[in-house]
Amino acid sequence: MNVAQLGSGTPEIAVVAGVHGDEPCGVRAVKRLLEERPTVSQPIKLIVANEKALERQVRFVDEDLNRAFPGDTDAATHEGRLAARLVEELDGCLTFSMHSTQSHAEPFAIVNEVTDRARELVPQLPVAAMVETSNFAEGRLFSEIDTIEVECGLQGSETAAQNADRLMRAFLTAVGALPGDTIHRELPIYRLTDVIRKERAETYEVFVDNFTEVKPGDPFAAADGNRQVAEEAFYPILMSSNGYRNVFGYAAEKLETVSSQSTAE
């Protein structure tokens, strides 16, 4: 784990990249910011998390870091020990964590709960939606630390790296650490309601688009040609044929649309 800082004092804002070693987009954004070293109005902690997995270009070494929190300094796994160190480093910090996905090209935000602070900050980011994990946050960073997580785009793409840079700077502007204004957006909010599991198979297919409502009776996925059909309406989130080993993705309900005034107003 690499920890750096911009500005002097004790940071209350942190940026985390490289939680997964096969998602380098945020790492590039953090390194670029450290090279530029812009003047900041408050100290910022910048962390590249799972360096060992990044070096090996794998998602994790022993276990998924973003399912290992709060971790344990005496854990048997690399990620279990690393999770405990991260929780210690991020204590007291509002944290911005950057990821990428195999399921959706357009950036969106994920939060543990739609708090007043999330309602204020997330609509100032260049994202298409905000997703509340509800009962599906166990082991994730924001189960321990006040975190706004963003999916920056498709894993390994140049676009995801560019998005990560824009998203990080928009966040730091929204919290007042960098100068400038943010853009006013209306943003739909979704809440995860269920896991969409998949059976062990040779081939998988997904027939629906993320954030587009699936109607009752619509086929939405298949394993070895065996179609799964919706029993009730839902919105697919993080749905892909090969993103997760045991699940296609998640089902969600749409809650509302929120907006935030630009920081200039």
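**Close-up views of a predicted model**

**View 1. Strands β1 and β3 pair in the antiparallel sense, over 5 bridges.** Strand β3 covers residues 44–48, and its Leu46 stands opposite Ala4. Helices (H or I, at least four residues) and strands (E, at least two) are DSSP runs numbered from the N terminus; two strands pair if DSSP finds at least two bridges between them. The model is predicted: local features need pLDDT of at least 70, side-chain atom pairs count only at pLDDT 80 or more, and totals for chains, interfaces and linings use all residues. Residues are numbered from 1 along each chain as its sequence is written, and side-chain values use heavy atoms, with hydrogens and water left out.

**View 2. An open sheet of 10 strands shows mixed pairing.** The strand order is β1-β3-β2-β4-β7-β5-β6-β8-β13-β12. At the edges are β1 (2–6) and β12 (235–237), each pairing on one side only. On average, neighbouring strands of this sheet are turned by 30° against each other, direction ignored.

**View 3. Helix α5 (residues 158–174) lies across β2 (13–17), β3, β4 and β7 (147–154).** The helix runs at about 155° to β7; axes are lines fitted to C-alpha atoms, for helices over the stretch in contact, and angles run from 0 to 180 degrees between N-to-C directions. Gly176, with a positive phi near 85°, follows α5.

**View 4. The largest nonpolar core has 44 residues.** Such a core is a set of buried Ala, Val, Leu, Ile, Met, Phe, Trp, Tyr and Cys residues joined through side-chain atoms within 4.5 Å. Phe96, Met98, Phe171 and Leu172 touch the most other members. The largest share, 9 residues, comes from α5. Beyond its neighbours within four places in sequence, Phe171 is in contact (heavy atoms within 4.5 Å) with residues including Ile13, Leu94, Phe96, Leu121 and Ile148.

**View 5. His104 lies in the loop between β4 (94–101) and β5 (108–111).** His104 counts as buried because its relative accessibility is 16%. Leaving aside neighbours within four places in sequence, His104 is in contact with Gly153, Leu154, Asn210 and Phe211.

Terms used:
Buried means under 20% relative accessible area, exposed over 50%, partly exposed in between (1.4 Å probe, protein chains only).
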